[in-house]
Amino acid sequence: MRVTMLYFAAARERAGASTETLELPEGATAAQALALACEKHPALQAVAGKLRIAVDQDFSQPDRKLRDGSEVALIPPVSGGMAEHRIGPEPLSAEAPLQEVVGTDCGAVVSFTGTVRSSNHGKAVVRLEYEAYPEMALRVFAHIASEARERWGARVVIHHRTGSLDPGALSVVVAAVAQNRADAFEACRHAIEILKKDAPIWKREFYPDGSSWVGLGS
């Protein structure tokens with residue numbers, strides 16, 4: 001069967017075309033259409049994970065089955081619409097999350113920055129180690145951002161560190177933007193509170209005489 005592929009913005013530049021026709025087997029899915037497009041245009045592969053797929057002008061899941069004559073659009077993140085959450089060992093920047101969410105449509109920008117403190121409950125903290133289940137943590141971050149959009153019309157992005165961190169290092173940065181300051185403050189506060197409650201990220205404190213997992217005390 002034949003389907004019409006539509007490429008936009010960065011996807012169009014990488015494909016070198018705005019539209020083309022692809023031949024796929026009967027019962028093929030949107031994911032197979034994307035895979036074939038990447039095979040024909042290898043430059044697409046680097047951004048494939050960030051593309052949304054629309055079939056016949058409706059956003060669709062990768063397993064959506066196509067029909068002969070289907071129109072499949074590969075849509076990059078829209079400006080200000082899909083910020084990138086991050087979790088990993090790379091050092092954080094307090095400014096990077098802000099740059100991902102700011103836009104002229106919002107007048108209030110709020111950020112929260114968490115740092116490693118040098119003492120806790122009267123004990124000197126030599127360093128922290130963060131361990132995470134990254135794939136699940138990113139799903140939690142995305143859910144938090146979705147709640148912020150629904151409840152406060154806010155955009156939220158979260159960057160979190162893993163690995164060994166010395167006192168003073170940035171451990172987490174949350175940025176929220178909304179049309180007014182009350183909504184931006186609420187969205188940012190909600191994000192960090194739910195992150196601490198639900199995200200599968202564990203913190204171990206190291207002291208001169210030992211260590212403990214925060215929350216377990218062991």
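Tutor: Let us begin with a definition: accessible areas come from the Shrake-Rupley method with a 1.4 Å probe, and for residues only the protein chains shown count as cover. This is a predicted model, in which local features need pLDDT of at least 70, side-chain atom pairs count only at pLDDT 80 or more, and totals for chains, interfaces and linings use all residues. Residues are numbered from 1 along each chain as its sequence is written, and side-chain values use heavy atoms, with hydrogens and water left out.

Student: What share of the accessible surface of the protein belongs to carbon and sulfur atoms?

Tutor: The accessible surface comes to about 12100 Å². Of this area, the share of carbon and sulfur atoms is 49%.

Student: What is the radius of gyration of the protein?

Tutor: This radius is taken over C-alpha atoms, and the globule rule is 2.2 Å times the number of residues to the power 0.38. The C-alpha atoms fill a box of roughly 70 × 40 × 25 Å along the principal axes. A compact globule of 218 residues would have a value near 17 Å, whereas the protein has 21 Å.

Student: In which helix is Cys188 placed, and is Cys188 buried or exposed?

Tutor: Helices (H or I, at least four residues) and strands (E, at least two) are DSSP runs, numbered from the N terminus. Cys188 is placed in helix H5, residues 181-198. Buried means under 20% relative accessible area, exposed over 50%, and partly exposed in between (1.4 Å probe, protein chains only). Because its relative accessible area is 4%, Cys188 is buried.

Student: Which residues does Gly168 touch, not counting residues up to four places away in sequence?

Tutor: Gly168 lies in the loop between strand E12 (163-165) and strand E13 (170-178). With a relative accessible area of 52%, Gly168 is exposed. Contact means heavy atoms within 4.5 Å. Beyond the sequence neighbours up to four places away, Gly168 touches Thr115 and Val116.
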